[in-house]
2 protein chains.
Amino acid sequence: MIRRLSLTLAGALAVFLAGCATPTTEPLNLTTAKKAVVGYVESGQYERQVQAVATEAVRTVEARVARRRAGEKLAVVFDIDETIISNLPHMRAMDFGYVPKLWDAWVDRGEGPAIAPVVEVYRTARRLGVEVFFLTGRHESDRPGTLKNLAAIGCGDFRELILKPPGTSQTTGEFKTATRRRIMESGYAIIANIGDQVSDLEGGFAERTFKLPGPFYIVQ
Amino acid sequence: MIRRLSLTLAGALAVFLAGCATPTTEPLNLTTAKKAVVGYVESGQYERQVQAVATEAVRTVEARVARRRAGEKLAVVFDIDETIISNLPHMRAMDFGYVPKLWDAWVDRGEGPAIAPVVEVYRTARRLGVEVFFLTGRHESDRPGTLKNLAAIGCGDFRELILKPPGTSQTTGEFKTATRRRIMESGYAIIANIGDQVSDLEGGFAERTFKLPGPFYIVQ
């Protein structure tokens with residue numbers, strides 16, 4: 001029995017090694033990788049995972065507000081792209097290629113659709129008197145398009161929209177961590193920090209972090 | 001001993017399951033997939049694999065010509081994109097996104113670099129009196145840019161450049177198979193058919209096929 005188990009495991013292992021270990025030769029074809037991402041979106045899986053994370057964030061905000069101490073200033077930090085604004089129309093038109101000039105033109109138009117479950121987190125926060133900070137790797141030059149887009153999706157009521165300043169040598173992750181520190185030092189308890197990138201969330205300065213799915217790109 | 005083996009295998013399997021099995025949730029991030037492709041190119045692996053296939057094609061052409069029967073008309077069929085012309089400069093500028101209008105503008109410029117080992121196959125064929133057919137999924141409207149590019153990489157001496165006609169409902173694979181049949185029926189022995197896509201090669205009508213690596217996209 002043990003022998004048979006070990007053989008089964010060896011077989012399974014061999015299959016996995018063959019199927020998914022780094023090939024010594026050709027990497028995964030990019031059309032195949034893109035199809036997997038499109039399938040993930042079109043099957044509704046993406047939206048369901050976003051919904052699950054957002055539902056948990058809503059619960060957390062409500063529970064934390066319920067035990068708010070007198071005079072405590074509470075805040076939620078939201079990333080923007082693929083967190084509360086979706087860039088899927090642009091990304092799909094670009095076949096998932098990132099071309100800075102065309103990305104900037106898209107951002108300037110301010111027409112990204114809302115990610116509805118996360119807008120619900122925003123609404124919960126505002127309804128309960130929790131301040132909202134939008135903290136994004138978008139650049140200061142993207143402010144007009146970003147303001148327009150946030151207003152268009154009904155998220156125009158926030159404490160601050162913080163974009164990456166020009167000429168910084170910080171990674172987006174470093175910039176975001178330093179900004180959350182500054183927000184906390186100004187007297188806010190960041191009760192939730194929500195984003196699709198690891199760089200939105202790592203580095204501390206938040207009571208809870210909420211990681212949305214993000215198979216489209218990586219921002220460091 | 002068997003017990004320990006099975007436990008080790010179970011552990012290894014768990015690591016692989018965690019590390020690389022298809023997640024029930026999020027697909028491979030596209031930045032990660034692109035990085036693997038760029039690494040494959042920049043490490044020189046891509047070029048080495050192209051070289052290995054092209055070397056074998058050169059040998060095949062030479063050997064086949066050596067046993068050519070009197071009066072026999074020999075031909076080699078070449079795909080173009082990622083076979084003898086590289087589009088890597090454009091693909092990398094596009095972050096591997098395919099945007100038809102921008103792709104067409106790139107093709108019109110006719111500035112794609114040569115894939116040197118495959119140009120060597122072309123030279124071998126011409127030197128030995130073997131006719132060359134370029135058979136491509138590029139459209140008839142791409143003819144001027146394609147002619148310019150073939151001339152620029154020193155591959156202007158060919159029997160025919162066959163592009164996809166306008167308004168066809170055929171897949172590229174169907175179009176290519178039908179064209180190779182037509183070439184053979186006109187009296188040529190296609191001694192080698194070389195391309196980066198499965199759709200370049202499947203469907204028959206060639207004595208030998210040569211599959212170049214092609215992790216960038218899939219053409220059906």
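Buried, as used in these legends, means under 20% relative accessible area. All views show a predicted model.

**View 1. A buried salt bridge between A:Asp81 and A:Arg138.** Both A:Asp81 and A:Arg138 are buried. The two residues form a salt bridge in which the closest N and O atoms are 2.6 Å apart. Because A:Asp81 lies in the loop between strand 1 and helix 4 (88-93) of chain A and A:Arg138 in strand 2 of chain A, the pair ties together parts that are 57 residues apart in sequence.

**View 2. The open sheet of chain A.** Five strands are arranged in the order 3-2-1-4-5, with parallel pairing. Strand 3 (160-164) and strand 5 (209-211) of chain A stand at the edges; each has a single partner strand, so one side of each lacks a neighbour in the sheet. From one strand to the next, the twist averages 20°. Strand 4 (residues 188-195) and strand 5 of chain A run parallel and are joined by 3 bridges. A:Ile194 has A:Phe210, in strand 5 of chain A, as its bridge partner.

**View 3. Helices lying across the sheet of chain A.** Helix 3 (residues 45-66) of chain A lies across strand 1 (73-78), strand 4 and strand 5 of chain A, and runs at about 170° to strand 4 of chain A. Helix 8 (residues 172-185) of chain A lies across strand 1, strand 2 (131-139), strand 3 and strand 4 of chain A; its angle to strand 2 of chain A is about 155°.

View 4. A:Arg123 forms a salt bridge with A:Glu120, with the closest N and O atoms 3.3 Å apart. The two residues are separated by about one helical turn, because they are 3 residues apart in helix 6 (residues 116-127) of chain A. A:Arg123 is partly exposed, at a relative accessible area of 46%, and A:Glu120 is partly exposed, at 37%.

**View 5. The salt bridge between A:Asp200 and A:Lys176.** The closest N and O atoms of this salt bridge are 2.6 Å apart. The pair links distant parts of the chain, with A:Asp200 in helix 9 (residues 198-201) of chain A and A:Lys176 in helix 8 of chain A, 24 residues apart. A:Asp200 and A:Lys176 are buried.

**View 6. Surroundings of B:Asn149.** B:Asn149 lies in helix 7 (residues 143-152) of chain B. Its relative accessibility is 2%, so B:Asn149 counts as buried. Apart from neighbours within four places in sequence, B:Asn149 is in contact with B:Ile85, B:Gly110, B:Glu111 and B:Gly112.

Methods. Residues are numbered from 1 along each chain as its sequence is written. Chains are lettered from A and ligands numbered from 1 in the order in which they are written. This is a predicted model: local features need pLDDT of at least 70, side-chain atom pairs count only at pLDDT 80 or more; totals for chains, interfaces and linings use all residues. Side-chain values use heavy atoms; hydrogens and water are left out. Helices (H or I, at least four residues) and strands (E, at least two) are DSSP runs, numbered from the N terminus. Buried means under 20% relative accessible area, exposed over 50%, partly exposed in between (1.4 Å probe, protein chains only). Contact means heavy atoms within 4.5 Å. Two strands pair if DSSP finds at least two bridges between them. Axes are lines fitted to C-alpha atoms, for helices over the stretch in contact, and angles run from 0 to 180 degrees between N-to-C directions. A salt bridge is a side-chain nitrogen of Lys or Arg within 4 Å of a carboxyl oxygen of Asp or Glu.
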